[in-house]
Amino acid sequence: MRPLNILLTGLLLLHFSCKSNTSENKTSKDLTTSTFPLMETGKESSLAKVWIDSTTGHKVEKLVDRPGDNRSFYFHNNPFLKSEDGTEDLMIFSGSSETGNQFFTVNLNTKKVLQITDKPGNKRGEIIGPRSRKVFYMIKDSVFTTHIDTQKTEFIYKFNDDVIGSVTTLNADETLLGSALITKEENEIFKKNPKKSSYFDKVYEAKLERSLITINVNTKEFKDIYSENAWLNHIQFSPTNPDLLMYCHEGPWHKVDRIWNINIKTKDTTLIHKRTVEREIAGHEFFSPDGNTIWFDLQIPRSVTFYLSGKNLETDKETRYALKRDEWSIHYNISPDQKTFTGDGGDPGQVARAKDGMWLYHFTPKGDSLVSEKLVNMKHHNYDLEPNVHFSPNGKQIIFRANFEGSSQIYAVDIAKTSTLN
């Protein structure tokens, strides 16, 4: 070996020895992450299972590795609970099978996948009870629940033939399922106009009666708690107050005062955000983890000025964080510690008409604005499938669904940028 090569080799060994002595953990982590390929996020990267997004520098991994389509939950439906022994974080998801979609768990640490349900039929609903350790769902007109650990399935309720009902949410003490009844006339509108672009205005303009309902999980008692000639939708129980139910007046957002709460005991209703100018919109509302705040997409007016806004239910104070047009997202979500946010971006056909909005974002509040960091380049994703972002329970990853591979699959991206050896 030449003297110069010997000298360089010695310096490199000394360099890594010093790094090992002063920061052993960091070196070990860097050596591991340096093996991940640097790739543009898309079909080829999905085949790699784990990669570094070449545009953003963040590590992305395919979270669920099983055949067929796999879908994570809608953005405001909690998919997480602890393992039976309380040591691991699990996520519930829906996956295709020969007998209709089934529910599964994936261990967020080991990535082990276990099937929960096996009852034939397509299942509607994305509801879990972390305390009771059950998943609730519908097959046709009937409600069932399956225990996540024992896989024991129980029948809960069957809707009468003269009504069309569903369940979409579970209250905080896990005693009541909630949702809405619709008329057969409204159901015919959906059948004849299967695309959202076709049915959306028609259902709104029909002004047919809808009713908010609850079903007691234990006694099977059905209650009709509120009715109105309006499209009542996006129904969510508070994560902390078992008597508080949020719902919306669905329809063209610039024509409705959308976000409402109802106390299911007193039947008192409260408007959460009143529009202030023509064509102002507010929507895709969701509760904060502590139940104190309802967050929502706010545009004053539509497609012009963009905010992520939150209404504190105790003080009535509304907080607004401004965003740039390209940072607007179809859905937002909040971290477990309630300090930061995430968004799933959108293609140019969305309401923001963003020219460069196809990204997953991490947002940090600064003053009255949000500072964004791009996590994943979504240029190869078809936004007909909404990514529906969730923070992982430890707050270190954003979990989302995408169709880079040509099918719906579930991925996770690290919020911290990957450090690699140079």
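This is a predicted model: local features need pLDDT of at least 70, side-chain atom pairs count only at pLDDT 80 or more; totals for chains, interfaces and linings use all residues.
**Notebook: a walk through the model**

I started at Pro301, which sits in the loop between strand 23 (293–299) and strand 24 (306–312). I looked at the peptide bond from Ile300 to Pro301 and found it cis, with omega near -15 degrees.

Next I turned to backbone angles. Where does Gln151 lie? I found Gln151 in the loop between strand 11 (142–147) and strand 12 (153–158). Gln151 is not a glycine, yet its phi is positive, at about 65 degrees.

Then came a pair of helices. Two packed helices are described by the angle between their axes and the distance between the axes, so I looked up both. The axes of helix 4 (residues 184–192) and helix 5 (residues 196–206) come within 9 Å and cross at roughly 165 degrees. Angles over 145 degrees count as roughly antiparallel, and helix 4 and helix 5 are therefore roughly antiparallel to each other. The crossing of helix 4 past helix 5 is right-handed. Which residues make the contact? Helix 4 brings Glu186, Ile189 and Phe190, while helix 5 brings Tyr199, Lys202, Val203 and Ala206. Sorted by class, I have five nonpolar and two charged residues in this contact, and no polar ones.

I noted 37 residues in its lining, with His76, Asn77, Asn78, Pro239 and Pro289 nearest the centre of the pocket. Several strands give two or more residues to this lining, among them strand 5 (80–82), strand 9 (124–129), strand 18 (232–237) and strand 22 (281–287). How does the lining of the second largest pocket divide by class? My tally reads 19 nonpolar, 13 polar and five charged residues.

My last stop was Tyr226, in strand 17 (residues 222–228). Leaving out residues up to four places away in sequence, Tyr226 touches Arg210, Ser211, Leu212, Leu232, Tyr247, Ile262 and Thr269. I also checked Tyr226 against Glu44: the two are 182 residues apart in sequence and 50 Å apart in space, C-alpha to C-alpha.

Key
Residues are numbered from 1 along each chain as its sequence is written. Side-chain values use heavy atoms; hydrogens and water are left out. Axes are lines fitted to C-alpha atoms, for helices over the stretch in contact, and angles run from 0 to 180 degrees between N-to-C directions. Helices (H or I, at least four residues) and strands (E, at least two) are DSSP runs, numbered from the N terminus. Angles under 35 degrees count as roughly parallel, over 145 as roughly antiparallel, 65 to 115 as roughly perpendicular and the rest as oblique. A crossing is left-handed if the near helix is turned anticlockwise from the far one by less than a right angle, and right-handed if clockwise. Contact means heavy atoms within 4.5 Å. Ala, Val, Leu, Ile, Met, Phe, Trp, Tyr, Cys and Pro count as nonpolar, Asp, Glu, Lys and Arg as charged, and the others, Gly among them, as polar. On a 1 Å grid over the protein atoms alone, a cavity is a set of points where a 1.4 Å probe fits but cannot get out, and a pocket is an open set with protein on both sides within 12 Å along at least five of seven lines; lining residues have an atom within 4 Å of a point.
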